[in-house]
Amino acid sequence: GESDAALAAGISGVLADGVHRLTARVYYADTDFSGFVYHARYLEFLERGRSDFLRLNGVHHTELADGLL
């Protein structure tokens, strides 16, 4: 396995063996009154992961928007 330091070193995460791992920091503002991550915030975390996954694979958002892929 990879250490947390190795994951933190790559701001876009790590892509290895077809698996993308991205470390995300959860801030107090991301939580609800009970201290758990607010459900709508998961969408933001997933979008960050999707964007970084595409970036690591050399795909730019404009290519997707223009239907080039």
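Three helices and two strands make up this protein chain. Along the sequence, the pattern reads α-β-β-α-α. Helices (H or I, at least four residues) and strands (E, at least two) are DSSP runs, numbered from the N terminus.

A word on the source. This is a predicted model: local features need pLDDT of at least 70, side-chain atom pairs count only at pLDDT 80 or more, and totals for chains, interfaces and linings use all residues. Residues are numbered from 1 along each chain as its sequence is written, and side-chain values use heavy atoms, with hydrogens and water left out.

Overall cover next. Of 69 residues in the chain, 16% count as buried, meaning under 20% relative accessible area with a 1.4 Å probe, protein chains only.

Now to D30. Where does D30 lie? In the loop between strand 2 (19-21) and helix 2 (41-56). Is D30 buried or exposed (over 50% relative accessible area)? D30 is buried, at a relative accessible area of 8%.

What does D30 touch? Leave aside neighbours within four places in sequence, and D30 is in contact (heavy atoms within 4.5 Å) with R25, F36, V37, Y38, R41 and F45. With R41 there is also a polar contact, side chain to side chain, at 3.3 Å. Such a contact is a pair of N or O atoms within 3.5 Å; within protein, one must be able to donate a hydrogen and the other to accept it, and residues adjacent in sequence count only if both atoms are side-chain atoms.
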